[in-house]
Amino acid sequence: MSRGDRGWSPWVYVLPALLLLMLFLVLPTIQTIWLSLHGGTGFSPTQYVGLQNYVQLFTRDRFFLSLDEWPPSGAVVNNVLWLLLFTGGTVSLGLLIAVLADRVRYEPLIKAVIFVPMVISATATSVIFRFVYSPDPVIGVVNAALIAIFPNLEPVPWLGRTSLVNIALIGAGIWIWTGLAMTVLSAAYKSLDREVLEAAAVDGASAWQTFWRITLPMMIVPIGVVAVTMVINALKMLDLVLVMTQGGPRNASRTIAFTMFWEVFNNSLAGYGSAVAVVLLILVAPIILLQIRRFRAEEALR
Amino acid sequence: MSVAGAHPRPPFQASARPRARVFGRLGRIVIHVALVGLGIVWLIPSLGLFITSWRPPADIAVSGWWTSLFRPEYTLGNYRQVLTAQGFGRSFVNSLLITVPSTVFPIMLAALAGYAFAWLRFRGRDTLFLIVIALLIVPLEATWVPVLRMFNNPVGYFRLDWVPFLSGIDLRLTGSFLGIWLAHTGYGLPFAIYLLRNFFISLPRELFESAKIDGASNFAIFTRIALPLSVPALASLAIFQFMWVWNDLMNALIFLQDVTKRPLTVSIQALIGSYGAEWHLLAAGAFITMSVPLLVFFALQRYFVRGITAGAIKG
């Protein structure tokens, strides 16, 4: 203990990590913003074009945003669908399972079953759901079940129809992420003051009333935390789309993150793809500010 | 843990009354039906894949996997074919070669940094930590192009062409394990630092102060007090980072453009591209990818739950 390393600057502890953060996150992000103002093909676009990529993206790229006909379409619209349905689905199912499972003896079992998809890669999940959604009724369990109930039904190509593909993909996303919502919300639910809940019951409140008037308001903070996590996931949704549909059929399932990847690595438009990445960055910026505020509030309590 | 068990009811009350009012018999049946139903819906997709992976290809083509529950006829052939002919054996080794260093490096660096952010004083500490929190959420999409350019030509990227001996050597990191280790380390650091800093700062202050008074150096306090006490946090973090890297497709796809170094996720993706309807290969391949995370999960479940509730904002 007397080796005299007390004089080491604390910087020795943080510098290796800061260096890598700088190299892999901070500088590249700044460079991407700069790149997004450049045009041309290839990996090192040099021609400065100002905001032209952004103008193109929002006014002339109908796979990104098309408002010409009703309903609007494109990656932005698909991402709005992801935001609403994926966030709503994971949070409400996670909350439902957390609250209901608390009352049964097989709680650990049901929670493990719901959580398992969280540990599987999005790539494997994509394979799984290509099976599940297959239009071949000896492969696809969804179509097999539908045909068992309605024998005259034609098999539905869930991933092959532009009107269904986003819903099908979001379904797979919900299957993956509900386990996370459930785990966080279950921990929050178990830490609630049981006396309040029991007092409500003794006073004659129904389970329904107790849930809406007491449980839900008491859990609003953890629900918000989970919802923010899911919003981030929805905004960054990429690998599921890439492996399951490659953005198709007819580009109907593109998301913003998918567009970035596709423009850069498939179409060799690094500047244009960077503009898409910057759009993504702008969309998550409010969440970054929110997280920093939340952290400051927590620190003030410490 | 049930509500009834945790809070004994006052005597003289009809035993199940408050519960009975909350949920009547009908209500309890509805709960069971809902939970079991959701459980089945959640189980069926992976169960179907698992069963299909053991069925002969000829059977897969003519009957659903659910029929083989009653007429079981299984084979190892799909696994044999995918591991040898499709090179998944090699990919499995690659996945391990990628994942283990990509788990160890960020945790080592983050433990050092997290300790400093929690217990050492230096100028700009709080601002730097806020930047770490911001970086937690920055989408990797915003970094890929410049990082790939850096990997393709490190000397040019850092404008070091003028250094005479550097221009002669090939320092290309694209397609190398070193490159992907570095990328995963950089990308994993914000979450790792965030989690460990918050864990370290929750340790009792007296511990550190009394060690200081006894003359312990910062480094001794770090290795002999902070690290041993944070084994559970380090374990949770290791499991998360391991899973994240093992399951990663995008970074491997972008930075490891080398067929011989493909991890399992990239091999699966390639298999879908070239054999889109060869279900027996896809099923066996996907299950090989899933096997390691599933084993880790079932063996170390409690660390998982702890890690998740500790830091739920990793993107």
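The mean pLDDT of chain A is 92, and 97% of the residues of chain A reach 70 or more, pLDDT being the predictor's confidence in each residue on a scale from 0 to 100. The model is predicted, with local features requiring pLDDT of at least 70 and side-chain atom pairs counted only at pLDDT 80 or more, whereas totals for chains, interfaces and linings use all residues. Residues are numbered from 1 along each chain as its sequence is written, and chains are lettered from A and ligands numbered from 1 in the order of writing. Within chain A, confidence is highest in helix α3 (residues 75-101), at a mean of 97, and lowest in helix α8 (residues 194-202), at 83. Over residues 1-7 of chain A, pLDDT stays under 50. For residues 1-7 the model has nine contacts beyond four places in sequence, a contact being a pair of residues whose C-beta atoms, placed from the backbone, lie within 7 Å.

Along the principal axes, the C-alpha atoms of chain A fill a box of roughly 80 × 70 × 40 Å. Of the 302 residues in chain A, 45% are buried. A residue is termed buried if 20 or more other C-beta atoms lie within 10 Å of its own, exposed if 12 or fewer, and partly exposed in between, with C-beta atoms placed from the backbone. Among the contacts in chain A with a separation of 6 or more, 62% are between residues 24 or more positions apart.

The domain assignment divides chain A into domain 1 (1-67 + 263-302) and domain 2 (75-253), with bounds that come from an automatic or database assignment. The C-alpha centres of the two domains of chain A lie 29 Å apart. Eight residues of domain 1 of chain A are in contact with eight residues of domain 2 of chain A. On the domain 1 side, this set comprises eight nonpolar, no polar and no charged residues. In this classification Ala, Val, Leu, Ile, Met, Phe, Trp, Tyr, Cys and Pro count as nonpolar, Asp, Glu, Lys and Arg as charged, and the others, Gly among them, as polar.

Chain B is divided into domain 1 (3-75) and domain 2 (81-310), and 36 Å separate their centres, taken over C-alpha atoms. Six residues of domain 1 of chain B are in contact with six residues of domain 2 of chain B. On the side of domain 1 of chain B that touches domain 2, α3 (25-53) and α4 (57-62) each supply at least two residues, and α3(B) gives the largest share, four residues. By class, this side has four nonpolar, two polar and no charged residues.

Between the chains, 85 residues of chain A are in contact with 85 residues of chain B. Helix α1 (residues 11-35) of chain A contributes 16 residues, the largest share of the chain A side. That side divides into 63 nonpolar, 14 polar and eight charged residues.

Within chain A, α3(A) and helix α10 (residues 220-235) pack at an angle of about 145 degrees, with their axes 9 Å apart. Axes are lines fitted to C-alpha atoms, for helices over the stretch in contact, and angles run from 0 to 180 degrees between N-to-C directions. Residues making the contact include A:Trp82, A:Phe86 and A:Val91 of α3(A), and A:Ile223, A:Met230 and A:Leu235 of α10(A). The residues of this contact are twelve nonpolar, four polar and no charged.

A:Ser186, in helix α7 (residues 165-190) of chain A, is buried because 22 other C-beta atoms lie within 10 Å. A:Ser186 and A:Leu100 are 86 residues apart in sequence, with a C-alpha to C-alpha distance of 9.7 Å.

Most residues other than glycine have a negative phi, and most peptide bonds are trans. A cis peptide bond joins A:Trp70 and A:Pro71, with omega about -5 degrees, and A:Pro71 lies in the loop between α2 (52-60) and α3 of chain A. Another cis peptide bond joins A:Gly248 and A:Pro249, with omega about 0 degrees. A:Pro249 is in the loop between α11 (239-244) and α12 (256-266) of chain A. A:Gln246, also in the loop between α11 and α12, has a positive phi of about 50 degrees although it is not a glycine. With 16 other C-beta atoms within 10 Å, A:Gln246 is partly exposed. In chain B, phi of B:Arg159 is near 55 degrees, a positive value in a residue other than glycine. B:Arg159 lies in the loop between α9 (154-157) and α10 (177-201) of chain B and is exposed, with 8 other C-beta atoms within 10 Å.

Conventions
Two residues are in contact if their C-beta atoms, placed from the backbone, lie within 7 Å.
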